[in-house]
Amino acid sequence: MLKEENNISKKNPFKTPKSYFEDLPDKIVNRIKEDKERTSYKRTFDIFKPYIYMAAGLLALAFLMKSGLSLLVDKEDITSPIKTQTAYSEDDTIIESLITDDYLFYTYINSEDESIESEFSSEELEEYILALNNIEYDLYFELE
Amino acid sequence: MQFADDNDIVSGIKSKDKSEQAFKILVEKYQKRLYMHIRKMVISHADTDDLLQETFIKAYRGIEKFREDSSLFTWLYRIATNETLNFIKKKKRSYVFTATDYEDQLILSLKGDEYFDGDKAEYKLQRAILKLPEKQRLVFNMKYYDDLKYNEISEILKTSVGALKASYHHAVKKIEEILKEE
């Protein structure tokens, strides 16, 4: 019907490039081999994937812990030891200035007295003491 | 030949030592028929080449699923048809926002195709076939060019013989009308 009426042959009108069908079987086999290699590599990776992820996770955790710890340690380093040291150095001067043994204190006082004594004559000192007594007396009488 | 029939080829592919050799025989045996089946649907040689390779690769991977009570050729034809229809569906989607249809593009590419060897009448017929809905186009090509029986087409397309007969009848009528109009 269609063929007779329109004078159309049933011949296939499509061509292929030269030696296309000769090369195709090898081409497909090579593609399958490549796919297999890729799949086996992927499969190997898939087997180790959970372990790789776990190791990566642990490494990340270790890194985070280390960073956290170092931050804490650094904080302590910044505050405590320096503070202690500062406190120590400040306290040290205070303590050193305050905590002196009795002997040293005594000699210090004496040495001052000596210097005072050396600066004033015995008469002047006597007058000074008398003046002090008078002040005390005056104060006493004033209070009474 | 080492592989006398399709069952031998399938057993060979399933075996470990002869798998590659048997598979090559299978490709050599069916490549031309499957190529022409796909080519008539997508026109371009490059697209046909891709789809044909995919068809054989899928067949190789799925050979364990092949049931030997059905024909190897029918099974291969079904894989090729599914691959082709999926490809056309994707192509059509990519043409949704363009001024031309995928079918128009096919007609244009047919005109400039260096691997189209038909005369004027054959070109006219191919152009008329490309204007059919793809299911009708498939049925027409399988019946008219590949000389497949309705029950074979039915097995490949999973459609009843009655529906196929109606489809082919409509296709022929439409082609005749298109050819008369020109």
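User: What percentage of the 182 residues in chain B is buried?
Analyst: This is a predicted model. A residue counts as buried if 20 or more other C-beta atoms lie within 10 Å of its own. Chain B has 182 residues, and the buried ones make up 31%.

User: Which pattern does chain B follow, read along the sequence?
Analyst: Chain B has zero strands. Its helices number nine. Read along the sequence, the pattern is α-α-α-α-α-α-α-α-α.

User: Among contacts in chain B with a separation of 6 or more, what share comes from residues 24 or more positions apart?
Analyst: Two residues are in contact if their C-beta atoms lie within 7 Å. Taking the contacts in chain B with a separation of 6 or more, residues 24 or more positions apart account for 58%.

User: Which helix of chain B gives the most to the side that touches chain A?
Analyst: On chain B, 29 residues are in contact with 19 residues of chain A. Helices 2, 3, 6, 7 and 9 of chain B each supply at least two residues of that side. With 10 residues, the one that gives the most is helix 2 of chain B.

User: How are helix 5 and helix 6 of chain B oriented to each other?
Analyst: Their axes lie 9 Å apart, at an angle of about 165°. Angles over 145 degrees count as roughly antiparallel. Helix 5 and helix 6 of chain B are therefore roughly antiparallel.

User: Which residues of helix 6 of chain B make the contact with helix 5?
Analyst: Helix 5 of chain B passes helix 6 of chain B in a right-handed crossing. From helix 5, the contact uses E103(B), L106(B), I107(B) and L110(B). The contact residues of both helices divide into four nonpolar, one polar and two charged. On helix 6 they are Q126(B), R127(B) and L130(B).

User: Is Y115(B) buried, exposed or partly exposed?
Analyst: Y115(B) lies in the loop between helix 5 and helix 6 of chain B. Buried needs 20 or more other C-beta atoms within 10 Å, and exposed needs 12 or fewer. Y115(B) has 16, so Y115(B) is partly exposed.

User: Which residues of chain A does Y115(B) touch?
Analyst: Residues up to four places away in sequence are not counted here. Within chain B, Y115(B) touches H45(B). These two are 70 residues apart in sequence and 7.4 Å apart in space, C-alpha to C-alpha. In chain A, Y115(B) touches F14(A), K15(A) and T16(A).

Notes:
Residues numbered from 1 in each chain as written. Chains lettered and ligands numbered in written order. Predicted model: local features only at pLDDT ≥ 70, side-chain atom pairs only at ≥ 80, totals over all residues. Helix = DSSP H or I, 4+ residues; strand = E, 2+ residues; numbered from the N terminus. Axes fitted to C-alpha atoms, helices over the stretch in contact; angles between N-to-C directions. Parallel < 35°, antiparallel > 145°, perpendicular 65-115°, else oblique. Left-handed = near helix turned anticlockwise from the far one by under 90°. Nonpolar A, V, L, I, M, F, W, Y, C, P; charged D, E, K, R; others polar.
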